[in-house]
There are 4 protein chains.
Amino acid sequence: MLDSRKFRVGILGASGYTGADLVRLLIAHPHVEIVLMTGERKAGKPIGEVFPHLAGYDLPDLIALEEVEWPAVELDAVFCALPHATSQEVIKGLLHATNHSLLDEMIVETAGDLADAIKGDVKVIDLSADFRLRNTETYAEWYGRTHTAPEIQPKAVYGLPEFYRDAVREAYLVACPGCYPTAALLALVPLLKAGKIRADDILIDAKSGVSGAGRSLKENNLFVEIAEAMHPYGVGAHRHMPEIEQELAVAAGQDLTISFTPHLVPMNRGELETIYAKLSPGQTVSDVKEILEQTYRDEPFVTVLRGADMPATRMVRGSNHCVLNVFADRIPGRVIIVSAIDNLVKGSSGQAIQNMNLMLGIDEKTGLMQVPMFP
Amino acid sequence: MLDSRKFRVGILGASGYTGADLVRLLIAHPHVEIVLMTGERKAGKPIGEVFPHLAGYDLPDLIALEEVEWPAVELDAVFCALPHATSQEVIKGLLHATNHSLLDEMIVETAGDLADAIKGDVKVIDLSADFRLRNTETYAEWYGRTHTAPEIQPKAVYGLPEFYRDAVREAYLVACPGCYPTAALLALVPLLKAGKIRADDILIDAKSGVSGAGRSLKENNLFVEIAEAMHPYGVGAHRHMPEIEQELAVAAGQDLTISFTPHLVPMNRGELETIYAKLSPGQTVSDVKEILEQTYRDEPFVTVLRGADMPATRMVRGSNHCVLNVFADRIPGRVIIVSAIDNLVKGSSGQAIQNMNLMLGIDEKTGLMQVPMFP
Amino acid sequence: MLDSRKFRVGILGASGYTGADLVRLLIAHPHVEIVLMTGERKAGKPIGEVFPHLAGYDLPDLIALEEVEWPAVELDAVFCALPHATSQEVIKGLLHATNHSLLDEMIVETAGDLADAIKGDVKVIDLSADFRLRNTETYAEWYGRTHTAPEIQPKAVYGLPEFYRDAVREAYLVACPGCYPTAALLALVPLLKAGKIRADDILIDAKSGVSGAGRSLKENNLFVEIAEAMHPYGVGAHRHMPEIEQELAVAAGQDLTISFTPHLVPMNRGELETIYAKLSPGQTVSDVKEILEQTYRDEPFVTVLRGADMPATRMVRGSNHCVLNVFADRIPGRVIIVSAIDNLVKGSSGQAIQNMNLMLGIDEKTGLMQVPMFP
Amino acid sequence: MLDSRKFRVGILGASGYTGADLVRLLIAHPHVEIVLMTGERKAGKPIGEVFPHLAGYDLPDLIALEEVEWPAVELDAVFCALPHATSQEVIKGLLHATNHSLLDEMIVETAGDLADAIKGDVKVIDLSADFRLRNTETYAEWYGRTHTAPEIQPKAVYGLPEFYRDAVREAYLVACPGCYPTAALLALVPLLKAGKIRADDILIDAKSGVSGAGRSLKENNLFVEIAEAMHPYGVGAHRHMPEIEQELAVAAGQDLTISFTPHLVPMNRGELETIYAKLSPGQTVSDVKEILEQTYRDEPFVTVLRGADMPATRMVRGSNHCVLNVFADRIPGRVIIVSAIDNLVKGSSGQAIQNMNLMLGIDEKTGLMQVPMFP
């Protein structure tokens with residue numbers, strides 16, 4: 001499927017941290033070429049002015065979104081790293097502007113069959129929350145606004161390749177999971193599918209570095225507010241919750257409600273979730289670990305650690321890996337699962353590229369085998 | 001009770017971080033004078049060589065423990081900031097060396113009555129774990145060694161003043177709580193006492209700064225290992241667990257088993273616990289908050305925050321305060337309590353001084369009203 | 001001069017980090033009472049909402065500047081922690097509103113004699129740059145705007161108590177030095193006065209924590225931009241340069257030009273300057289050290305370290321101290337002086353209170369003897 | 001020169017941070033295979049136990065140095081990341097054990113001619129200080145011990161490829177520069193060679209992250225000692241000084257003495273040097289910048305920034321790049337050069353691999369084109 005030509009890719013919203021990490025990873029990707037980058041406030045500037053560490057590479061200048069000439073730019077794939085709400089508008093616009101086959105009403109039922117027919121259309125990888133929630137009413141409830149592209153939503157595939165790999169391969173629109181959902185779902189989905197844990201008593205205590213909050217100018221993101229300190233936020237109200245519940249419900253075959261409490265930790269990158277669950281009757285901690293080991297035996301980016309080795313964010317800094325392990329709780333019948341990722345890579349840009357690879361028919365691991373950076 | 005004379009106090013083990021914070025706080029205490037400091041490896045040195053920030057104060061040089069001439073030094077109070085196991089040996093030794101009334105077999109039953117009789121004996125405030133566990137078999141199990149002063153153990157008071165204030169006032173030996181237990185017990189004891197939450201489903205996800213690990217030379221404590229990273233440790237095995245269970249059992253009136261998972265966070269000071277509990281039948285989140293508010297209304301060092309204000313370690317940096325708040329969990333019938341302290345102050349040295357104040361008949365708040373330092 | 005009544009003090013601009021540290025220190029000050037705090041964007045809020053670590057103290061709510069009823073509030077002293085340019089307007093306004101004796105044209109020549117006459121007028125301690133530069137043309141050049149209160153400028157005393165103590169005692173308007181100038185001048189003024197170093201070859205390499213940049217929402221102040229990184233800024237262009245030169249010129253008795261390069265370091269507090277100078281003919285490194293030792297022998301807040309002890313910011317964290325030491329350079333005839341302060345205390349709020357103490361006739365050290373906080 | 005076979009490389013001392021970064025970079029190198037790793041205290045362990053972020057790769061277990069069977073292991077290249085003093089002993093031993101042609105007395109004069117003759121001998125890349133100083137008496141003076149392999153010293157090439165590229169290509173023993181010298185020499189050597197600055201007035205104020213101090217258990221390397229703080233160290237006494245002077249003397253064509261003051265900054269990686277120099281008569285700041293631009297125009301790893309863009313460590317985090325820029329000082333006739341590298345990459349492991357590439361006849365950039373990681 002690969003010829004010597006490189007795939008032409010674009011990044012909408014390249015001036016945030018997620019965009020920067022997309023650029024970092026795509027520069028090193030052997031089969032793609034970045035031909036378009038947008039950035040509203042920074043339009044007209046070279047990316048090296050916005051992110052000095054990206055100076056010196058052969059990259060296009062940032063342009064404003066409205067300047068993009070959609071058909072003319074001839075992208076094979078486009079990453080949408082825009083804020084939610086904006087994202088749905090922009091994606092809807094580009095689908096129409098390129099007369100995208102995804103607009104065909106029938107396509108959702110027959111994607112597999114029509115794949116050839118629509119070949120040539122741009123593949124859209126959305127990193128925002130806009131197409132993650134299948135139920136647009138849930139979207140409206142949590143994001144405080146009506147979804148403006150509900151007709152497109154059903155055509156989006158939830159881009160967690162470990163569980164939706166085949167669908168992603170056929171997809172033209174992938175909604176990349178949030179960072180917290182990625183770490184949580186990799187830990188929990190196999191267990192619920194296999195009935196190892198109960199669906200009604202899942203507590204996720206999550207800790208994240210600050211880059212997840214983006215480059216926006218908020219007092220809460222200032223160095224002084226965060227360094228030498230930590231605190232929870234959004235208790236019972238974080239928008240990643242319905243997303244986690246949606247996917248866990250699929251795995252469990254039943255609706256469920258989780259407890260999810262994120263914390264902000266003074267570090268740039270890294271996300272760790274300590275997950276407390278109740279074993280299903282008759283199940284043991286070893287059963288839980290075995291299911292995870294089976295599930296991820298051949299997965300390139302998920303590792304179940306041996307023995308009592310402890311997942312730590314420094315094991316995955318800058319890499320697309322997730323490390324997991326399972327521990328007995330002291331309370332009988334309970335189990336603790338620890339999951340660590342780099343929020344900007346497996347939790348965002350790396351996973352987006354993993355999806356792109358699948359959508360473009362490239363080996364899934366291409367450009368994503370960075371060894372973690374420690375120190 | 002106070003005359004113009006200052007109380008003479010000593011610090012055994014002044015060369016660790018706990019010792020340093022004791023010195024910091026005692027220098028500013030208007031009614032005490034530090035007349036003795038020991039430090040094994042650093043014996044013979046001025047404290048300013050060991051801790052340059054403490055240079056320039058009028059303080060005695062560090063001496064070795066075995067050089068202390070117990071009766072001659074005529075202490076009113078002594079802080080024991082030695083490692084566990086060492087602590088019990090040293091305290092036993094000093095009690096014998098000073099022919100301390102606490103060795104009187106009868107004293108445990110009649111402490112109150114005998115208080116006058118033994119007046120003049122040194123008050124011992126132990127910051128180690130050695131006298132915290134009432135059951136010396138539990139001690140042996142968790143600390144991997146037989147307790148060598150079991151006859152003294154029953155005479156120790158657990159030094160959490162908010163719950164044991166009267167006993168501390170009469171005590172000659174106080175075992176200061178560990179940092180994790182302090183944050184946990186202030187949140188949970190009133191709730192179990194009042195029957196607001198169930199005793200069989202308490203999960204404590206704890207996060208701590210690194211100073212709690214002490215100044216010992218371990219790879220895990222190196223800057224590079226900790227900065228820009230985080231991870232859990234001692235899952236299901238941390239020695240603060242039996243201590244928390246002991247005190248919660250007293251409050252609940254029944255034995256119980258908790259889940260407790262500590263995490264190391266890249267900051268010097270600060271400890272935050274996110275506690276997940278199940279409401280007792282018929283109880284609400286408001287009931288929980290009300291009990292905490294009632295309990296701590298007049299407590300100088302514990303604050304229940306208003307509304308949805310979020311406890312954060314930066315609110316208590318360098319101060320002896322604990323801040324608490326209560327949140328509804330999304331899982332019906334569950335509640336989340338967040339508790340933050342400075343692990344070196346309310347979690348260690350500050351609380352030790354709070355106990356000393358009570359034992360010496362000084363106003364409990366004396367020398368402990370530092371405003372938190374932020375930034 | 002002290003009666004049992006507490007002095008009434010106000011803080012204009014209490015919602016920045018400098019304001020917060022003023023509040024922290026003034027709460028613990030035994031002879032003052034904060035009766036006024038202003039904050040524009042946060043007007044109407046309790047300070048505890050703006051700075052949660054300051055909740056729970058008996059403090060007035062923030063009000064807008066224009067709501068202050070100047071004569072009615074009856075302040076003994078007022079701190080002005082407003083941005084430059086704003087500061088001169090506000091101070092001019094409050095002098096007029098209170099019909100302040102400082103407006104008397106003659107007062108500048110005869111301040112000492114008139115001190116009694118104007119007793120009762122509010123003492124103004126300005127923490128901005130507005131009254132630091134005696135030459136308002138220099139001000140205009142470096143701050144890019146004409147000074148709007150040039151008639152008041154001559155009446156301001158430069159508030160570095162170690163060199164202007166007597167003038168501060170008599171002053172009604174004190175311009176507190178910038179943080180970088182404080183660390184530099186304490187190191188250099190005595191050497192230039194004594195002719196120990198040459199005036200034409202002074203290089204100051206300065207490093208500062210981030211709180212000095214204030215709580216303003218700039219990309220450069222975000223956690224992610226600063227953590228795990230460092231860089232110089234404002235090379236050859238920092239506004240503290242003319243201020244340093246002004247005071248060094250006074251000491252040297254001649255105009256001079258310095259090299260000054262500040263760097264941003266990933267820490268909240270702390271400032272360290274490594275100063276490279278050339279010895280005057282015939283002078284030695286020992287001579288340099290001796291002059292500093294003589295100068296500061298009786299100063300409560302400046303310490304010259306012994307031997308080769310190295311100044312470090314952790315020695316002065318949270319305290320009003322400056323630590324200095326002197327080292328031989330390898331280049332013959334050169335000397336290195338290292339100076340460390342806490343930029344928010346001796347570099348800002350602490351020094352402001354030191355000035356207030358002098359202006360109000362209180363012991364200079366009052367409320368400023370905090371032991372440094374380490375860890 | 002490359003066939004499909006991968007070069008066999010070994011790492012002596014793989015259990016330190018430098019070793020870890022060698023492994024990180026070599027795993028991603030397309031033409032080499034790590035077949036040997038030693039680590040004394042950790043001998044017998046898989047590298048993944050020593051550095052969990054390196055688990056899961058196909059790497060040999062650590063063995064003790066004395067277990068290495070030198071001829072049998074058949075290395076093409078070996079990295080020596082051992083402590084100084086140890087390094088010279090080990091390298092001497094391996095040369096003898098492999099009957100290395102480098103021991104031939106004549107080789108030093110005729111290396112170029114004999115290159116073919118000794119083909120097949122292992123290439124040695126030493127990351128320690130042992131072969132950096134050409135004068136073994138200087139070595140003895142600064143390292144406090146007599147050099148035990150003075151006969152090998154003359155055969156070592158100083159491995160700064162930007163200045164010694166051809167010699168490195170022919171070399172069998174390369175002494176990689178220290179991190180501080182790398183950043184300093186890239187900035188200064190071209191200027192001295194071209195006579196743009198004076199040789200007698202060079203001051204280097206250096207700031208480094210903590211990984212440079214290694215993984216050794218010293219109190220000074222503990223998180224708590226370093227976080228939220230900074231300080232200079234080794235003023236006038238750091239061992240990188242004679243190394244910098246040696247190479248600057250070559251460039252200047254005369255002996256010289258520099259001023260060099262390193263500082264420890266709370267970050268893992270990164271090194272920044274602010275260099276103060278005096279222009280030679282008739283030279284301007286533009287001349288200085290022009291020389292650097294000319295020198296590095298075609299260098300893959302050194303970038304002179306445009307305009308007033310400021311070098312910052314975050315521009316080179318994890319990458320083999322050095323960024324430089326030049327600024328006018330306010331003192332007439334002086335110039336400031338700022339140089340930033342990642343101390344573990346261009347300052348150590350990356351540069352070592354750059355040397356290896358040259359020695360093995362591979363493209364110099366191979367395996368070293370990582371995009372810097374920010375955040």
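Before the first stop, a rule: two strands pair if DSSP finds at least two bridges between them. Strands (E, at least two residues) and helices (H or I, at least four) are DSSP runs, numbered from the N terminus. What you're looking at is a predicted model, where local features need pLDDT of at least 70, side-chain atom pairs count only at pLDDT 80 or more, and totals for chains, interfaces and linings use all residues. Residues are numbered from 1 along each chain as its sequence is written, while chains are lettered from A and ligands numbered from 1 in the order in which they are written.

**Stop one: the sheet in chain C**

Select residues 7-12 and 77-80 of chain C: these are β1 and β4, joined by four bridges in the parallel sense. Zoom in on G10(C), and you'll find V78(C) as its bridge partner in β4(C).

Now show the whole open sheet, seven strands with parallel pairing, in the order β3-β2-β1-β4-β5-β7-β6 (chain C). Which strands are at the edges? They're β3 (62-63) and β6 (157-158) of chain C, each pairing on one side only.

**Stop two: the domains of chain A**

Colour 7-177 + 347-360 of chain A as domain 1 and 180-343 as domain 2; these bounds come from an automatic or database domain assignment. Their centres, taken over C-alpha atoms, are 26 Å apart. Domain 1 of chain A brings 19 residues to the contact and domain 2 of chain A brings 21, where contact means C-beta atoms, placed from the backbone, within 7 Å.

Finish on α12 (345-360) of chain A: α12(A) gives five residues, the largest share of domain 1's side.

Technical notes
Two residues are in contact if their C-beta atoms, placed from the backbone, lie within 7 Å.
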